[in-house]
Amino acid sequence: MFEINPTNYYRLQNREIISVNGKTPLISNSSTENGIMGFSNLEPLNKGNTITCSDTTIGADTMFYQENDFIGYSHIQHLVPKFKPFNKAIASVIISVSRVATSKQYDYGNKFNRDAMNSTIIQLPTQNGEIDFEFMESFIAELEAQRIAELEAQRIAELEAYLLATGLKDYQLTQEEEQVLEEFESLEFKQFNVIDIFEVKNTKNILSRDIIENSGEIPYLTASKENNSIGTFITFEEKYLDKGNCVFIGGKTFVVTYQEKDFYSNDSHNLSLHLKHNNKNKLNQLFLVTCIDKSLGYKYSWGGSISNKKIQTDKVSLPEINNQPNYAIMETFIRAIQKLVIKEVVLYADKKIKATKSVIEH
């Protein structure tokens, strides 16, 4: 069924062949990653739509379909089909039955070399005494469709569970939320002293050179605007831990974020603002983040860093009721915005769930 010969390869060191931005596959003796060691900018030396297999193994576990033209490697055999049609689906069946046929037939003293490949007999579906390529293609297509449906169902189930767990499944605006959105432009705002609204603290300080990145589950905050100011997650001494459920301000950059969880900080010039109001939650503090940014952002930058001392005289503009911050309206507004943002995601999820169920059921 195949013309089997050693692959053509460059007699160069790996570092001379492999490039970070390479496009041509370099096929090695590996039994993973489709046998691809890396990619090269050198010209391919072997044609694709064929099969490769290492001759140093104890079976066909390194037998892979190569869709694209490629560069070979020492001890890699090239199986070029003598028949038509040939494609990935047909190759998948041939590779599977070859692995079954060679299972436990070879060992390290008796390798699956080119002679062994040429003498291997495999079983394939036939019709009227001929290999049934059409059946092989339809069989693989059916398996792929089933697998795609299973993966899609799993993905959608995870999305649906997330929406339910986060309370974002319901995107219908209440009458109160609709009213807040309609009347937002006419809301009364008032200037409040920051220190009347928040208890302001300097964060503790852990130098970046003293941490091990990705060593734990506690956020390590920087003054960056990326990833909600989270640089990495670490494990460190508890005495350096700052309390979460607060507004966090990068002292040198004036990046303002809400931090739900307890955290570590990379600079003692950073500030944590803890709302003094009894009903402090994520929603009203997300609103406060924007208010602080809009009220103070114009005066603080890299050239004029904020500090605990400076913020003592600063004011923040907030919606008010009876000369007090209107925390209820803040919470309602943010909840409404969340629903508007999540609506299209939920509708998409519902559509995909319906389509996936239809595929699986039929």
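**Exercise 1. Find the ring over which the charged end of Arg 11 sits, and give its distance from the ring centre.**

Solution. In this predicted model, local features need pLDDT of at least 70, side-chain atom pairs count only at pLDDT 80 or more, and totals for chains, interfaces and linings use all residues. Residues are numbered from 1 along each chain as its sequence is written, and side-chain values use heavy atoms, with hydrogens and water left out. A charge sits over a ring if NZ of Lys or CZ of Arg is within 6 Å of the ring centre and within 35 degrees of the ring normal. The charged end of Arg 11 is placed over the ring of Tyr 9, at 4.7 Å from the centre of that ring. In a second case, Arg 99 lies over the face of Phe 64, 5.4 Å from the ring centre.

**Exercise 2. State how many disulfides the structure holds, and describe the surroundings of Cys 246.**

Solution. A disulfide is a pair of cysteine sulfur atoms within 2.5 Å, and a search of the whole structure finds 0 of them. Cys 246 is accordingly in no disulfide, and the nearest cysteine sulfur, which belongs to Cys 291, is 17 Å away. Cys 246 has a relative accessible area of 0% and is therefore buried, where buried means under 20%, exposed over 50% and partly exposed in between, with a 1.4 Å probe and protein chains only.

**Exercise 3. Work out the strand order of the open sheet of 4 strands, and say which strands stand at the edges.**

Solution. Strands (E, at least two residues) and helices (H or I, at least four) are DSSP runs numbered from the N terminus, and two strands pair if DSSP finds at least two bridges between them. The order is S10-S16-S13-S14, and the pairing is antiparallel. Strands S10 (198-202) and S14 (256-259) stand at the edges, because each has a single partner strand, so one side of each is left without a neighbour in the sheet. As an example of pairing, S10 and S16 (residues 271-275) are joined in the antiparallel sense over 5 bridges, and Val 200 stands opposite Leu 273 in S16.

**Exercise 4. Identify the strands across which helix H7 lies, and give its angle to S14.**

Solution. Helix H7 (residues 282-296) lies across S10, S13 (246-249), S14 and S16, where contact means heavy atoms within 4.5 Å. Axes are lines fitted to C-alpha atoms, for helices over the stretch in contact, and angles run from 0 to 180 degrees between N-to-C directions. By this description, H7 runs at about 165° to S14.
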